[in-house]
Amino acid sequence: MKKFCAFYRGKLSLATQLVAPIALALGVAGGVVGSWVIGPTDWWDPDSFRINVASAIVGALIGIPFALVGLAFVTANREERVRLDDITKLTNRAWERFKSSVIAATPPAITSHLTTDGADVDEIVKKTLIRLSHYRALAGVPPGTGPYDENIITTPEKIDEQEIRREFDELISELEGAVFKIRGAVDDTTFVSRTWTELRMRWDYLYGEIRTRRITEGLGWIPGELELDLETRLKSSPPLHAVLAALGPVETLIADLKTYTAQPTLDYLLNPIYFLTTADTLNTIKVGPPSMLAVTELGKLRGTVLEADRDESWRSRAKLDD
């Protein structure tokens, strides 16, 4: 009844709203008068034509309002069902596309590599810089002018350049292997940007188009705290960008070490200015911390999407006031 009243006031034209009850009232009144007042008289009984005409008018007055209003009500309900079904299909299709993009952007292959390999890179870099400081000490460079000099105990050892080259070749190989694992998991900046842009576009469609249509129709939507979490995370920079940026100084160190160790002598490794600058850079931009932060952020994004996915009520065609 509540739904019919809302339909009657909101969907029918003003003329229909006025004519239907008047016609219905006249029809009912005519039926009552004809059956109980005029029917028994001599004037009414013999005149079958007039009886038929009066009956037709009474039937029309009663039937037309029911036909107009009833047909309009049935048609409007059918149109509403079709419209709500379309919105529900659009919602589920858009959500599935968004969810699949999130799952593709947060696979365990990425998070597991970042968890272990980011810390491995930092550890190997530290080993490399300590070995550089050790070599500098052996070469007679005064302490305190290079990174990690506090770890060095100067001993009167003879410098064996072949051994030094071998050690740095091993360190370079370790660094390259650790960086390669992260690069292999994360891919490159273009991939990360494209993936995040795709996520953002699919979320914008959900949040802008689908959410607006559902609210307009009085349908449910993603719970507020989950919606806010998704909106906040997807507006931020891609977490993997910080990881890729932190790899830059490490890859510079690898390239320079390769260049210096390929020289006829190892004098370049004794340059205190270069390694002081490198150490300062690597002390402020490390691979481990941004890697762990990216793992946390990607994990939370995936968790929020899966939590919203488990709640199917907001994607249904049921209205909030039903």
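What pattern does the chain follow, read along the sequence? The pattern is α-α-α-α-α-α-α-α-α-α. This is a predicted model: local features need pLDDT of at least 70, side-chain atom pairs count only at pLDDT 80 or more, and totals for chains, interfaces and linings use all residues. Residues are numbered from 1 along each chain as its sequence is written, and side-chain values use heavy atoms, with hydrogens and water left out.

**Overall make-up**

- The chain has 10 helices and 0 strands. Both are DSSP runs numbered from the N terminus: helices are H or I with at least four residues, strands are E with at least two.
- The chain has 322 residues, and 37% of them count as buried. Buried means under 20% relative accessible area, exposed means over 50%, and partly exposed lies in between (1.4 Å probe, protein chains only).
- Take the contacts between residues at least 6 apart in sequence: 81% of them join residues at least 24 apart. Contact means heavy atoms within 4.5 Å.

- Helix 5 covers residues 161–186. Its 26 residues should span 38 Å at 1.5 Å a residue, and its end C-alpha atoms are 37 Å apart, which agrees. The expected span is 1.5 Å times one less than the number of residues.
- Buried residues in helix 5 include Ile164, Phe168, Leu171, Ile172, Leu175, Val179 and Ile182. Charged residues are also on that list, namely Arg165 and Glu167.
- An α-helix has 3.6 residues a turn, so residues three or four places apart point the same way.
- Helix 10 covers residues 288–310, 23 residues in total. From first C-alpha to last it reaches 33 Å, close to the 33 Å expected.
- Among the buried residues of helix 10 are Pro290, Ser291, Ala294, Leu298, Leu301, Thr304, Val305 and Ala308.

**Helix 5 against helix 8**

- Helix 8 covers residues 239–261 and packs on helix 5 at about 155 degrees, with the axes 10 Å apart. Axes are lines fitted to C-alpha atoms, for helices over the stretch in contact, and angles run from 0 to 180 degrees between N-to-C directions.
- The two helices are therefore roughly antiparallel. Angles over 145 degrees count as roughly antiparallel, under 35 as roughly parallel, 65 to 115 as roughly perpendicular and the rest as oblique.
- Helix 5 passes helix 8 in a left-handed crossing. Left-handed means that the near helix is turned anticlockwise from the far one by less than a right angle; clockwise is right-handed.
- Helix 5 contributes residues including Arg165, Phe168, Ile172, Leu175 and Val179 to the contact. Helix 8 contributes residues including Leu240, Val243, Leu247, Ile254 and Thr261.
- By class, this contact has 14 nonpolar, 1 polar and 6 charged residues. Ala, Val, Leu, Ile, Met, Phe, Trp, Tyr, Cys and Pro count as nonpolar, Asp, Glu, Lys and Arg as charged, and the others, Gly among them, as polar.

**Helix 10 and its partners**

- Helix 8 and helix 10 pack at about 165 degrees, with axes 8 Å apart. They are therefore roughly antiparallel, and their crossing is left-handed.
- Pro239, Leu240, Ala242, Val243 and Ala246 of helix 8 meet Pro290, Ser291, Ala294, Glu297 and Leu298 of helix 10. The classes are 8 nonpolar, 1 polar and 1 charged.
- Helix 7 and helix 10 have axes that come within 10 Å and cross at roughly 145 degrees. This crossing is left-handed too.
- Leu226, Asp229, Leu230, Arg233 and Leu234 in helix 7 meet residues of helix 10 that include Glu297, Lys300, Leu301 and Thr304.

**Charged residues to look at**

- Arginine 165, in helix 5, is buried at 14% relative accessible area.
- Arginine 233 is in helix 7 (residues 224–235).
- Aspartate 122 lies in helix 4 (residues 108–138) and is buried at 18%.
- The C-alpha atom of aspartate 122 is 9.1 Å from that of leucine 175, 53 residues away along the chain.
- Glutamate 170, in helix 5, is partly exposed at 42%. Its C-alpha is 9.8 Å from that of threonine 128, 42 residues apart in sequence.
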